[in-house]
Amino acid sequence: MAESFAFGIADRVLGKLGSAIIQEVGLAWGVKSELEDLRDTSSAIRAVLLDAEGKQATNHQLRDWLGKLKDAFYDAEDIVDEFEYEALRRQVVALGSFKTKVRSFFSSTISSVAFNLKMGHRVKKIRERLDKIAADKSKFNLIEGVPNTPILLSKREMTHSFVRASDVIGRDDEKENIIGLLRQSSDSENVSVIPIVGIGGLGKTTLAKLVYSDERVVDHFSTKMWVCVYEFDVEKLIKKILKEKKPDENYSDFSMEQLQSRLRNELHGEKFLLVLDDVWNEDREKWVKLKDLLMDVGANGSKILVTTRKKSVASIMGSFPMQELKVLSKEDCLSIFVKCAFKDGEDKQYPNLLKIGEQIVQNCGGVPLAARSLGSLLNTKKDERDWVSIRESEIWKLEQDRDGIMAAVRLSYYDLPYHLKQCLVLCSLFPKDCKIANQALITYWIAQGLIQSWGQNATMEYIGETYGNELLSRSFFQDVEEIAPEVAYYFKMHDLVHDLAMFFAQPEYFTLSFGSKDIPKRIQHVAFSDNDWPKEEYEALRFLEKLNSSIRSIYFQMENVAPTSKSFVSACTLRFKCIRVLDFKESSFEALPNSIGSLKYLRYLNISENKRIKKLPNSICKLYHLQTLSLYDCSEIEELPRGIRSMINLRTLFGTTKQRDLSKRENRLKHLNSLQQLGIYNCLNLEFLFNEMESLTALRMLAIRNCPSLIYLSPSIKLLSALEVLLIDDCEKLDQFMDGEAEGRSRRARRHSKFWEPKNFALS
């Protein structure tokens with residue numbers, strides 16, 4: 001059963017309708033009453049949506065009703081966003097020169113009347129549509145509900161979460177046994193295969209990681225490689241193995257013959273350990289094809305460690321007997337639960353809860369993921385009724401198939417407030433086992449409108465950090481790799497949690513390939529999983545025509561797979577007028593089309609690492625809603641967009657340019673007073689930044705890296721009152737950038753060079 005998320009969209013529309021900018025727009029443009037009517041209708045519908053979403057699982061008609069409502073609210077959001085866009089456009093005009101203002105006044109007077117009439121009609125039409133759908137709500141006996149608080153401004157204790165996520169209990173014997181097997185030599189073959197088998201959530205990958213990082217194993221092998229498999233495509237797996245060996249190499253254009261040759265060269269004579277994690281393949285021929293390549297190259301004593309849920313896979317691949325993980329004992333399972341549910345020693349203060357916890361753990365079936373999920377769920381709940389409700393939940397009675405989503409993980413999901421459910425299911429767009437940077441995810445959440453700060457004295461970025469930390473503390477995120485304390489980290493999702501996110505996300509969030517046949521009608525967010533771009537461009541263009549025109553995000557999962565031609569980008573801009581996110585990282589088209597400026601709702605545009613694009617069209621500066629623009633390592637761009645000062649909603653800007661001076665009037669950055677994060681990278685010719693930096697009153701993070709010609713940095717950097725993170729690196733000609741006074745003014749600044757690597761802010 002997929003979530004409808006109608007409540008979240010309705011809540012977003014209501015928040016925007018209540019904002020100061022929309023109320024002022026309504027009054028100034030004569031549509032105040034129409035907008036108030038739309039707000040009243042939306043509010044009345046929203047009141048029963050939580051109840052409706054809770055009952056939809058058993059009522060097909062209700063599910064269909066929610067789908068129609070959601071579609072209508074999406075259209076309502078587009079209308080409200082167009083009002084916002086027009087208001088932003090007029091703000092930009094007000095910032096222009098006197099000549100521009102006069103010309104704009106005469107050209108816009110007539111168009112304003114036309115705009116008001118058009119928008120007034122659209123508001124009335126969407127309200128009537130919502131009224132018509134809402135008239136059917138009486139059929140379902142829905143009850144008005146009160147939503148849980150949508151903002152989490154209190155952070156959970158981060159260190160406790162990090163330690164808890166890496167705890168491994170009850171696997172010492174299995175660990176020692178597998179390490180012993182890995183260190184054994186073999187007289188019969190150079191490369192031996194050890195399979196680890198067990199049901200989902202039992203800890204196969206965790207055990208493999210524990211073994212992989214053990215000092216005895218590290219010392220025993222000259223080369224170690226970790227590959228997450230899922231899809232057993234031999235060519236793709238060879239690329240992944242080579243990428244593990246040499247991460248900076250690009251193998252996307254290699255033929256199979258070239259890949260085999262490179263694999264032989266790289267692993268020849270090496271005693272290697274290769275982990276193939278999460279293998280599902282039962283086709284012996286595919287395995288033999290890969291095995292033959294690996295068996296001939298490794299030195300004696302090389303090992304392949306395989307994790308799989310299927311005994312049939314283990315029997316096909318293994319040369320050692322399969323290492324079958326058993327469920328944990330009740331004592332070990334309870335230990336995991338207690339570590340997650342209580343702080344150290346706190347369980348002794350709640351003997352009644354501990355007793356209920358023992359009964360809850362009996363439902364976990366000895367599966368550590370289940371114990372961790374339930375313990376994390378109850379971590380902040382000390383009311384006995386909450387614990388009893390989990391123990392008595394009807395979900396335990398649901399029959400789970402062998403590889404289904406466990407009841408414990410579902411319970412954890414159902415306990416999430418609605419805003420965190422939306423944020424979690426969006427993660428289904430990322431491929432399994434990928435490392436996700438929390439700061440990148442936050443920019444995506446913001447772009448999709450999932451983070452709101454109505455009436456709160458906090459930035460959306462800060463609220464996004466609390467959302468991420470909350471999901472981490474509830475064990476939806478794991479394998480944390482800290483980049484900057486309390487600010488930035490990488491994480492992964494357990495494959496069962498990813499399965500759960502996909503289950504609730506579809507059909508709205510969907511992963512496709514250019515060969516996909518079945519495409520949901522109500523798809524809104526598309527992730528392409530192709531490992532190679534279609535050989536013929538028309539194949540990609542024809543596929544776009546199959547998608548509905550209301551698509552809100554396009555994202556490419558795999559490295560080095562992105563648009564190669566301007567025609568694909570043009571097709572996207574002309575067809576998907578409602579789009580909020582375009583992630584074209586590592587693309588290779590030579591130019592953005594002028595039509596990019598027609599995407600009024602676009603919030604996120606990433607064309608980083610495009611080595612061919614030289615110039616950006618002036619129309620890009622009409623993207624008044626744009627919040628994130630990444631031009632990182634676009635090494636051929638001659639200059640930042642002329643008129644970039646018009647992009648007044650920008651919050652994150654990363655740029656690489658050939659220009660010498662950023663202080664020219666037409667592309668001054670000082671007007672971007674919404675800017676939170678600014679990164680200037682690899683600008684080899686850059687000598688001068690811009691003056692009057694103090695106007696960037698919201699700037700929290702500033703990075704200037706690898707700008708070897710930079711000789712001047714404005715003293716006004718001292719006046720960046722909101723600055724928290726400052727990094728200036730590889731700028732050898734810059735003799736001084738801050739004196740003692742500036743250092744004192746920025747005493748809160750944290751310098752974490754690793755944090756400011758642009759990949760930490762990239763979605764893919």
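I will start with how the model was treated, then go from the overall picture to single residues.

This is a predicted model: local features need pLDDT of at least 70, side-chain atom pairs count only at pLDDT 80 or more, and totals for chains, interfaces and linings use all residues. Residues are numbered from 1 along each chain as its sequence is written, and side-chain values use heavy atoms, with hydrogens and water left out.

First, the whole protein. It has 25 helices and 18 strands; these are DSSP runs numbered from the N terminus, with helices being H or I of at least four residues and strands E of at least two. Of its 764 residues, 56% are buried. Buried means under 20% relative accessible area, exposed over 50%, and partly exposed in between, with a 1.4 Å probe and protein chains only. The protein exposes about 32,400 Å², and carbon and sulfur atoms supply 47% of that; the areas come from the Shrake-Rupley method with a 1.4 Å probe, and for residues only the protein chains shown count as cover. If we take contacts with a separation of 6 or more, 70% are between residues 24 or more positions apart, where contact means heavy atoms within 4.5 Å.

Now the cores. A nonpolar core here is a set of buried Ala, Val, Leu, Ile, Met, Phe, Trp, Tyr and Cys residues joined through side-chain atoms within 4.5 Å. Which members of the largest one touch the most others? Out of 92 residues, they are Phe337, Leu374, Trp445 and Phe477. Helix α14, residues 330-341, gives this core its largest share, seven residues. Apart from it lies another core, of 69 residues, including Leu582, Phe584, Cys683 and Phe690. Back to Leu374: beyond its neighbours within four places in sequence, its contacts are Phe337, Ile360, Cys364, Ile390, Trp396, Ala408, Leu411 and Ser412.

Next, the rings. The whole structure has 31 aromatic pairs. Rings of Phe, Tyr and Trp (its six-membered ring) pair if their centres lie within 6.5 Å; planes under 30 degrees apart are stacked, over 60 edge-to-face, and the rest tilted. Tyr212 and Trp226 are edge-to-face, because their planes are at 85 degrees, with the ring centres 5.3 Å apart. Tyr212 is in helix α8 (204-212) and Trp226 in strand β2 (223-228), 14 residues apart. Tyr212 is buried at 15% relative accessibility, and Trp226 is buried at 12%. The charged end of Lys224 sits over the Tyr212 ring, 3.7 Å from its centre; the criterion is NZ of Lys or CZ of Arg within 6 Å of the ring centre and within 35 degrees of the ring normal. Lys435 lies over the face of Tyr490, at 4.6 Å from the ring centre. Ring pairs also join Phe514, Phe528, Trp533, Phe543, Phe556, Phe568, Phe584 and Phe589 into a cluster.

Last, the backbone. The peptide bond from Gln506 to Pro507 is cis, with omega near 5 degrees, and Pro507 is in the loop between α22 (495-505) and β9 (509-512). Ser475 is not a glycine but has a positive phi of about 70 degrees. Where does Ser475 lie? In the loop between α21 (460-473) and β7 (478-484), and Ser475 is buried, at 9%. Asp479, also not a glycine, has a positive phi of about 50 degrees. Asp479 lies in strand β7 and is partly exposed, at 29% relative accessibility.
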